[in-house]
Amino acid sequence: MTALTDLTLAGMQAGLRAKSFSATELANAHIEAVAAARSLNAFLVETPDHALAAAAAADAALGKDEALPLAGIPLGIKDLFATKGVETTAGSAILKGFIPEYESTVTARLFAAGAGMLGKLNMDQFAMGSSNETSAFGNVISPWRAAGSNRPLVPGGSSGGSSAAVSARLCAGATGTDTGGSIRQPAAFTGIAGIKPTYGRCSRWGVVAFASSLDQAGPMARDVRDCAILLTAMSGYDPKDSTSIDAPVPDWAAALTGDLRGMRVGIPKEYRLDGMDATIAALWDRGVEWLKAAGATVVDVSLPHTKYALPAYYIIAPAEASSNLARYDGVRFGLRVAPLGGSLADMYEATRAAGFGPEVKRRIIIGTYVLSAGYYDAYYTQAQRVRTLIAQDFAKAWEVCDVLLTPTAPSAAFASGDKVDPLEMYLNDVFTVPSSLAGLPAMSVPAGLSDTGLPLGLQIIGKPLDEAAVLNAGYAIERAAGFTASPERWW
Amino acid sequence: MSVDAATVVRIAHLARISLAEAEVAPLAAELSAILGWVEQLGEVDTAGVAPMTAVMPITRAWRDDAITDGGVQKAVLANAPQAEFGFFAVPKVID
């Protein structure tokens with residue numbers, strides 16, 4: 001029999017209903033896997049009691065054949081989601097010891113659907129990073145290693161605890177969040193699937209804010225079907241989030257066919273960068289053939305403002321962050337550093353200096369700069385105008401195609417410590433940021449391996465609210481690619 | 001765009017982050033590099049283009065003008081570094 005930790009989420013659902021194993025057995029197998037993998041530093045907090053309580057409830061319900069959709073499924077939760085009674089830090093020292101008195105809407109939905117929580121997953125501090133090297137609680141180490149090397153690799157970021165945990169089979173599914181690529185890039189780096197839905201699909205209520213016009217939650221799992229199952233459970237209108245979309249939530253998993261007849265796939269020429277990694281270019285070409293073989297027609301499209309997406313993002317996201325993170329002032333929650341005899345202003349400055357990591361400070365200061373008097377129009381307003389043009393590029397593409405196919409990231413995972421220049425790190429998000437700026441659904445699917453045996457992903461971008469097409473195209477790629485590689489256990 | 005040390009100190013103060021002396025110069029160099037890079041946005045002709053204000057065009061739902069929450073003083077104060085007499089406590093602000 002397959003080890004319980006190797007099962008997909010759909011496989012767990014089937015096994016539980018067939019009574020091949022109990023939810024308690026399933027939870028215990030994962031709790032043990034989590035405890036045995038502490039060297040990956042993927043979990044900041046382990047919550048075996050939560051997972052076991054959900055499992056006990058599931059076993060009782062399964063006995064009466066009235067189980068909830070995710071009954072007894074143990075999940076990992078990114079530490080950006082507020083979890084009632086369980087420490088939530090967003091990977092930052094400034095929130096060390098913060099125990100929310102409330103539950104985020106997304107986690108509340110998952111738990112109401114029967115899922116249990118194995119623990120809180122490490123991440124780049126305030127979701128600012130692409131490699132999980134900015135967490136105040138240590139780097140997450142990818143379970144993957146390049147062929148013939150023992151160098152620790154990054155799991156991507158910012159949802160790097162999530163990607164490492166799912167890839168290492170510590171949980172079948174995890175929540176992630178994506179502001180400029182933080183679900184898709186780590187999914188690509190670790191050979192798993194992940195989808196950022198349309199902006200507004202998943203409530204942001206109770207998700208620690210980074211850049212509110214971009215932040216969007218989504219699932220990460222080992223295959224497309226599992227992502228679809230989780231996304232259905234996570235999505236839905238929430239009056240507590242003023243940007244939440246009031247639209248029906250489809251049963252996305254039930255609609256997966258892999259049959260793409262009638263679908264038009266656009267290939268944006270601007271994504272073919274000068275000096276692009278040859279393996280990634282070849283994989284992209286293979287992806288085109290796979291989609292054709294599944295019945296799709298392929299068209300070349302142009303998104304002329306693509307090269308301006310990253311610079312626009314690195315104005316807009318820090319600007320919003322500088323505003324959002326003003327709340328960490330040492331007054332209502334989190335760290336307080338009050339110099340002896342100092343004023344209130346001294347306390348603010350000392351608290352924030354001690355509590356924020358270097359990347360967070362860098363972005364708050366950039367954001368403050370671009371919003372400051374005299375610079376606002378030149379930087380922030382111009383970036384928001386460019387953002388309109390980027391969204392219009394996509395809208396124009398949708399006149400001739402239904403989804404877009406691109407690589408997810410410009411390279412495979414790199415080694416910890418290899419990228420120290422902030423600008424070089426930002427370039428990781430070159431393929432994922434444009435769709436974030438336009439609020440579009442986009443997913444990464446594992447599609448192949450690099451020359452050194454590391455996972456590579458392909459990205460599918462869709463029209464607003466058309467997660468169905470994104471998932472179905474992803475499903476077709478997944479079936480054609482037959483990606484079965486998994487990290488060899490060394491931890 | 002080159003950002004000098006005095007500007008870094010001024011902006012950090014606006015952001016209420018105190019910087020150690022040694023942090024200023026490296027930060028000035030990093031900010032200069034990042035701002036130099038984002039300046040390419042200036043090449044884009046945006047005449048007549050409205051700045052984006054919402055990625056998804058949605059109309060907000062109306063709700064009743066009713067109190068739906070509250071009475072949770074203990075929960076609100078539960079994570080406060082210092083709370084006294086049912087309030088958040090801070091260093092003295094008036095002499």
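**Entry 1: overall fold.** I counted 15 helices and 11 strands in chain A; helices (H or I, at least four residues) and strands (E, at least two) are DSSP runs, numbered from the N terminus. I am working with a predicted model, in which local features need pLDDT of at least 70, side-chain atom pairs count only at pLDDT 80 or more, and totals for chains, interfaces and linings use all residues. Residues are numbered from 1 along each chain as its sequence is written, while chains are lettered from A and ligands numbered from 1 in the order in which they are written.

**Entry 2: dimensions.** Along the principal axes, the C-alpha atoms of chain A fill a box of roughly 65 × 50 × 50 Å. I noted that 62% of the 491 residues of chain A count as buried (20 or more other C-beta atoms within 10 Å of the residue's own, C-beta atoms being placed from the backbone).

**Entry 3: the sheet.** I traced an open sheet of 11 strands in chain A, in the order S1-S3-S2-S4-S6-S5-S10-S11-S9-S7-S8, with mixed pairing; two strands pair if DSSP finds at least two bridges between them. Its edge strands are S1 (43-46) and S8 (297-301) of chain A, each pairing on one side only. I then checked S7 (264-268) and S9 (403-407) of chain A, which run parallel and are joined by two bridges. A:Val265 has A:Val403 as its bridge partner in S9(A).

**Entry 4: helix H11(A).** The buried residues include A:Lys361, A:Arg362 and A:Arg363. The buried residues of H11(A) pack against H9, H12 and H13 of chain A, together with H1 (5-14) and H2 (21-38) of chain B.

**Entry 5: the interface.** I found 56 residues of chain A in contact with 38 residues of chain B (C-beta atoms, placed from the backbone, within 7 Å). The largest share of the chain A side, 10 residues, comes from H12(A). That side divides into 31 nonpolar, 15 polar and 10 charged residues; I counted Ala, Val, Leu, Ile, Met, Phe, Trp, Tyr, Cys and Pro as nonpolar, Asp, Glu, Lys and Arg as charged, and the others, Gly among them, as polar.

Terms used:
Contact = placed C-beta atoms within 7 Å. Buried ≥ 20, exposed ≤ 12 C-beta atoms within 10 Å, placed from the backbone.
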